[in-house]
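Please look at the model below.

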Amino acid sequence: MNAVTPNDSGVVKQLLAILPPHCVITDPRAKKPFETDGLTAVRQMPWVVVLPETVEQVRSVLRVCRESRVPLVPRGAGTGLSGGARPSSDGVLLGLSKLSRIIEIDPENRIARVEPGVRNLAISEAAARYGLYYAPDPSSQIACSIGGNVAENSGGVHCLKYGLTVHNVLGLKLLTIEGDELTIGGATLDSPGYDLLALFTGSEGMLGIVTEVTVRLLPVPATKRLILAAFASLEAAAGTVGRIIANGIIPAGLEMMDARAIAAAEAFVGAGYPTDAAAILLCELDGTHDEVEEQAAQVVRLMRAQQATEVRASRDDADRERMWLGRKAAFPAVGRLAPDYYCMDGTIPRARLAEVLRAIEKLSERFGLAVANVFHAGDGNLHPLILYDSNAEGELDRAEKMGGEILALCVDVGGTVTGEHGVGVEKLDAMCGQFAAPELEQFHRLKSAFDPAGLMNPGKAIPTLARCAEVGGMHVHKGNIAFPEIERF
Amino acid sequence: MARDRDDSVRLIAAVALAAAQDRPLAICGRGSKTFLAPPAIGSMLAVGDHSGVIDYRHDELVLTARAGTPLTELRRILASQRQMLAFDPPTFAGDGSLGGAIATGLSGPGRPWYGAARDAVLGITLINGRAERLVFGGQVMKNVAGYDVSRLMTGAFGTLGVLLDISVKVLPRPHHEATRAFAVDRDTALANVVTWARTPLPLAATCHVDGVLYVRLSGTEKGVRAAATQIGGDELPHGAEFWDSLRDQTHPFFGEGHCFRVALPPAAAYPALPGAWLTEWAGSLRWFRTEATREHVDLAARRLGGHATEFRDPQVPQPFDKGALKYYRRLKDAFDPKAIFNRGRLFQEIGQEAVTEANP
């Protein structure tokens, strides 16, 4: 363990010299909430937590870490699902939640300038009086911060039509560990030079600290309509997804739930979903009144042609909200089926949906763990929820092994191990299956361009070659893992 | 029609040899956008023969093609499925390639609504300066595994690697389009498009030039008709030809003389400089024909929160922010340690950089 204790440490003294006392947390009880993010199976008590209130304080924290060569782990709202904010036992956890000012809503230029700790939903709430909103809507949007969204390139239900975070951020201000402040982009639609905006979006806090974000705002659509269709087979539901898109319709959202997820949601909130269906699709259309009317009629025809057993469309906004309720409550609903669940995030080509869902069923039987599927079908982003009981001997281990096989399957069919949750610490091993050594080395060189000393969020997002060599060997040694001191999650 | 050919083995060998000999390479696709930046130093590496569609799945909205594939061929193939390259890259006078479109990162008149070149990129296979073939991203819509190298390559002018294969998101062609024309001065036009862009309307392009505002609407037939009634104006026949003439700069405005590309916050007032303007992207992109110097135009744009570049045949590379330049150089070194790719096209040689302050 760490030989340095917070109280006698020069680093803590330096941090206390630059930050107000209430912004430096060393007391174990006060540090406890910071030991995990949304991936609660992974826990690590941070050495010290700092919660700066100004950009200048952030800059000073970076300087202290740089000069003392102390690792630094950035954290937004702590809702991440891949352990990207797992603290270092010998490092500073830099929480950015107090930088929570909406600096400017500029309706003429359709932008919002905000600090990184501003909650995702707060931007749309502030823009609402101008008839504008911020499109990316991760399911945690009531709590998650825009800085965290940038770090993870977060998605959501509506990114099929409106894109991910990377498509909706126009500018960033950030600090590098070397103390440089970079201003990338702004209120314009492009800027000269390398696309650092894209590079930083989804970089999982490995390259720098975002201190200000400029996002684009969109006009709130005039009309929204939700169409629910039930199907007697996964194949029919999955086939309908491709048919809708092949017919030139890009729905605002296109979500799918399987029988187990439907049953769980019904038992939890009673949204009126058909519990005898093998799968349902929820298709939201938005736009002008005439456009939505025309597309809705077309979608209903396509669903019927695909043997939907039931099709219903929302009558008004209140009805639409009710129909969404089951989907929005699906994760907590599934959470009632078992003490724990493990949420996966692979993305696959849409044409392989039915095949991959069937393969996941087989894995579920083989591992003896139930799976519920509720996911973004329109962009092929799966969220299998593996149900397990962390108190039952070996179940967490089985759930993680099964998750690893699901991700390998996603890569095999031409997909990726993570669509929107990030790699964090959780999918480091899965990354070894997706990338070859030269690509991983290129990633490491890229990180070194911004963080030559390797202090920013060390050990996350990109596995070392040594680790990948070991992952390959782990199967050979049948559980006798070499180098047990190296952490595996 | 260009031949389908995988030329990657030859290209990798050529890069390996150049790296071993410390010999710079000037990457050339189909040569249609050479005028966008100073010429690269070195012997030519022609990638035009690395051509052909590798995979196109219309119901996946994904197309993968080799970098040398001509854009006209891609447009033809996509049109057969009623789809399109949403970023609508310019082809200019020649016939651009997909690789050139991504390397230069330019997008057409629909950019604010359909996204930019970088928004469409899903995955790239490239050769780095160590002559390694690397694959980043993929063929799926959402992918956050590893750093977004594919988008970093977009607009990098080939300075970080030789693009081999590119996967892009494609979109359905709108069922219906209409172009409305209004005789208004430029300030009224700007006020109108700024208002309309805040309104839920099926906008797909705007342009103000020579006292006329053009607005493209796209979507379903009923939706477009309703929007046309709402905003008014007169129907412009053959609207598609007009928008193509903007995209490829065959419109008479782009004829003779100096032309600056000025990117501004959309609602920014026009700078008080003498010259003629053509404004696209609901105010975000403004082309400026003027006798004013580069320094004057750039300073005026920066004061408004934007930037200006000489679009054709700039004598020196674009000036970069001093803070960013340090990291650009390190990124360049991370991908191309011997600086063999497109030397001089994006950066001047070390020690001669044109540098601007971030916030003058």
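Domain bounds here are those of an automatic or database domain assignment. The model is a predicted one, in which local features need pLDDT of at least 70 and side-chain atom pairs count only at pLDDT 80 or more, while totals for chains, interfaces and linings use all residues. Residues are numbered from 1 along each chain as its sequence is written, and chains are lettered from A and ligands numbered from 1 in the order in which they are written.

The assignment divides chain B into domain 1 (8-172) and domain 2 (176-310). Taken over C-alpha atoms, the centres of these two domains of chain B are 27 Å apart. Between them, 10 residues of domain 1 are in contact with 13 residues of domain 2 in chain B, where contact requires C-beta atoms, placed from the backbone, within 7 Å.

In chain B, strands β3 (residues 53-57) and β4 (residues 62-66) run antiparallel and are joined by four bridges. Strands are DSSP runs of E of at least two residues, helices are runs of H or I of at least four, and both are numbered from the N terminus; two strands pair if DSSP finds at least two bridges between them. R57(B) is opposite V62(B) of β4(B). Four residues lie between the strands of this hairpin, in which L61(B) has a positive phi near 60°.

The last topic is the interface between the chains. Here 70 residues of chain B are in contact with 79 residues of chain A. Among the elements of chain B that each supply at least two residues to this side are α7 (186-197), α8 (221-231) and α11 (322-335). The most comes from α11(B), with eight residues.

Conventions:
Contact = placed C-beta atoms within 7 Å.
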